[in-house]
Amino acid sequence: MGEGISDYTKFSVDLRRHMWKAGVEMELRRLIWQIAVMGKYISAKIHESNRKLAGFKNIFDEEQLDLDKSADEILKNQLQYSGFVREYASEERDAVMQIGQGNEKYFITADPLDGSSLVETNLAIGTIIGIHKESIFAEGRNTLVASMYITYGPLITMVYSAGKGTHEFVLNREGEYVLSEENIQLRERGDIYSLGGLRREWTPEHLKYIEFLETEGYKLRYSGGFVPDINQVLIKRGGIFTYPALKKSPKGKLRLLFELQPMAFIIEQAGGKATDGKEEILSIKVDDLNQRSAIYIGSRFEVEKAREFLTGR
Ligand code: F6P
Ligand code: MN
């Protein structure tokens with residue numbers, strides 16, 4: 001068994017080499033690598049907090065809050081000294097932070113620990129990062145140059161796209177991110193669906209769309225963690241994730257800047273689509289840090305179908 005493992009490592013392609021071969025420019029690949037490394041520290045924090053959990057169960061809620069905040073601190077501290085980042089916007093902060101000197105190329109958005117309430121149940125959670133040039137208050141299509149997410153599950157994986165396809169890496173026992181899936185491409189149509197929001201809160205159009213998927217035999221897959229739920233669609237090569245407009249919250253729940261744009265970028269690079277039901281996620285202008293949007297993201301067929309049901313054409 002030992003031999004098999006070392007053979008695997010010997011011939012594997014690590015993250016830096018992969019990005020270099022793919023022609024990702026130097027600063028961007030250093031940045032992506034640094035953030036991927038931060039995933040190890042965030043993971044260590046998760047483990048640390050779980051150890052405390054055994055002794056201090058009654059302060060569990062505080063621990064959860066701490067975990068979000070520590071993931072945010074880890075990212076901010078690292079990015080501050082990277083030399084490549086001008087501004088840092090995080091779901092954990094009320095305002096954009098100027099962390100560079102003012103001449104750096106990149107603007108970062110982070111959802112440092114998405115789905116942190118799932119820590120309690122030992123389901124996978126994740127970190128979502130968008131890397132922009134020039135500004136974050138624009139259409140994602142004009143400013144996003146790369147996106148990545150890290151999943152903290154039984155394994156730690158990292159998926160990134162720098163506009164040259166979508167690739168998955170697995171953190172191995174030596175602490176290296178090793179290429180596991182290159183140029184992931186979704187099928188035109190998948191067979192799983194992941195549904196956010198209470199059914200009684202759905203609009204009649206959305207309900208009809210979901211009933212269509214149900215008659216087509218789609219299987220339900222929803223963990224309540226955006227990162228693993230999107231990762232499932234990606235790694236299974238298709239299907240749909242939706243968190244729709246709800247009667248009480250017509251903009252849905254998920255955040256455009258921190259959650260939706262980066263995932264839309266990654267899924268588009270894998271040959272899929274992402275819309276709010278009508279418009280493409282990457283064509284929606286960001287005016288507000290906490291802007292929300294409905295989302296339909298996954299294989300082309302399902303996302304197109306959603307538009308047909310929602311617009312009547
Ligand atoms: O960040 C918001 C989030 O926790 C996502 O990770 C997830 O997809 C969604 O909310 C789950 O929402 P709900 O609990 O309403 O299903
Ligand atoms: Mn989140």
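In the predicted model described here, R237 is found in the loop between α7 (226–235) and β11 (240–243), where helices (H or I, at least four residues) and strands (E, at least two) are DSSP runs numbered from the N terminus. The residue has a positive phi of about 70° although it is not a glycine. With a relative accessible area of 23%, R237 is partly exposed, the classes being buried for under 20% relative accessible area, exposed for over 50% and partly exposed in between, with a 1.4 Å probe and protein chains only. Most residues other than glycine have a negative phi. A positive phi, of about 45°, is also taken by N183, again not a glycine; N183 lies in the loop between β8 (177–181) and β9 (192–195) and, at 44% relative accessibility, counts as partly exposed.

Residues are numbered from 1 along each chain as its sequence is written, and chains are lettered from A and ligands numbered from 1 in the order in which they are written. The model being predicted, local features need pLDDT of at least 70 and side-chain atom pairs count only at pLDDT 80 or more, whereas totals for chains, interfaces and linings use all residues, and side-chain values use heavy atoms, with hydrogens and water left out.

Ligand 1 is surrounded by D114, Y222, G224, G225, F226, F241, Y243, K253, L254 and E259, a residue being near a molecule if one of its heavy atoms lies within 4 Å of it. By class, this shell holds five nonpolar, two polar and three charged residues, with Ala, Val, Leu, Ile, Met, Phe, Trp, Tyr, Cys and Pro counted as nonpolar, Asp, Glu, Lys and Arg as charged, and the others, Gly among them, as polar. Polar contacts (pairs of N or O atoms within 3.5 Å; within protein, one must be able to donate a hydrogen and the other to accept it, and residues adjacent in sequence count only if both atoms are side-chain atoms) involve several members of the shell. A polar side-chain atom of Y243 is placed 2.5 Å from an oxygen atom of ligand 1, a polar backbone atom of F226 lies 2.9 Å from an oxygen atom of the ligand, and for an N or O atom in the side chain of K253 the corresponding distance is 3.0 Å. Of the 400 Å² of accessible area that ligand 1 has on its own, the protein covers 72%, areas being taken from the Shrake-Rupley method with a 1.4 Å probe.

Helix α8 (residues 256–269) includes 12 buried residues among its 14 and is mostly covered. E259, which belongs to the ligand shell, is one of these buried residues, as are L256, L257 and F258. Just after α8, G271 takes a positive phi of about 85°.

Elsewhere, S299 is located in the loop between β13 (295–298) and α9 (300–311) and, at 0% relative accessibility, counts as buried; a polar atom of the S299 side chain lies 2.8 Å from the backbone nitrogen of G239. By contrast, D94, in the loop between β1 (85–90) and β2 (97–98), counts as exposed at 77% relative accessibility, and the C-alpha atoms of D94 and N290, 196 residues apart along the chain, are separated by 8.8 Å.
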